[in-house]
Amino acid sequence: MTKRVLALDVGDRTIGVAVSDALGITAQGVETIRRKSWDKDFARLAELMRLYETDAFVIGFPKNMNGTQGERCDIVRDFAARLQEKITGSKVVFWDERLSTVAAERSLIAADVSRAKRRKVIDKMAAVFILQGYLDNMGMRG
């Protein structure tokens with residue numbers, strides 16, 4: 001049995017969170033964490049790790065459309081380093097997240113979700129798209 005994986009869409013104000021099913025086939029949205037402080041953010045992530053019995057994070061890596069790495073990649077790398085310091089033993093995999101937010105937005109529009117509601121769930125949905133891309137890729141390898 002595959003261990004579950006948490007996916008994160010890391011932003012300045014929020015962290016979108018998704019989790020895989022126990023078989024590593026599908027991704028489900030969990031929540032959007034409103035960022036308060038490093039300690040509170042990581043405490044919530046540690047709680048979610050315990051709840052979903054995982055030690056691995058797939059973190060969206062925001063490359064530029066041309067494939068280069070900009071300032072956002074540095075911010076995400078810093079977040080991941082701090083996360084691994086705070087939650088020892090956690091594994092981090094970076095996953096190219098280009099267009100994940102765009103795909104999430106289109107999916108929500110297609111589902112006729114209002115603009116106000118989209119704003120509340122977009123980061124969680126982006127984490128679902130990041131994780132599903134990762135899971136699909138891993139499935140092709142397995």
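Predicted model: local features only at pLDDT ≥ 70, side-chain atom pairs only at ≥ 80, totals over all residues.
Residues are numbered from 1 along each chain as its sequence is written, and side-chain values use heavy atoms, with hydrogens and water left out.

Let me begin with the salt bridges, where a side-chain nitrogen of Lys or Arg lies within 4 Å of a carboxyl oxygen of Asp or Glu. A search of the whole structure finds eight of them.

One of these joins the side chains of Asp 12 and Arg 72, at 3.0 Å from N to O. This pair links distant parts of the chain, since Asp 12 sits in the loop between β1 (6–10) and β2 (14–20), whereas Arg 72 belongs to helix α2 (residues 71–86), 60 residues apart. Helices here are DSSP runs of H or I with at least four residues, strands are runs of E with at least two, and both are numbered from the N terminus.

How buried or exposed are the two partners? With a 1.4 Å probe and protein chains only, buried means under 20% relative accessible area, exposed means over 50%, and partly exposed is in between. Asp 12, at 55%, is therefore exposed, and Arg 72, at 30%, is partly exposed.

A second salt bridge brings together the side chains of Arg 35 and Asp 41, at 2.8 Å from N to O. Here Arg 35 counts as partly exposed because its relative accessibility is 23%, while Asp 41 counts as buried because its value is 2%.

In a third, the closest N and O atoms of Asp 39 and Lys 86 are 3.1 Å apart. Asp 39 lies in helix α1 (residues 38–52) and Lys 86 in helix α2, so this pair ties together parts that are 47 residues apart in sequence.

Finally, I come to Thr 32, which lies in strand β3 (residues 27–34). Why does Thr 32 count as buried? The reason is that its relative accessibility is 19%. Leaving aside residues up to four places away in sequence, Thr 32 touches Thr 14, Ile 15, Lys 120, Asp 123 and Lys 124, where contact means heavy atoms within 4.5 Å.
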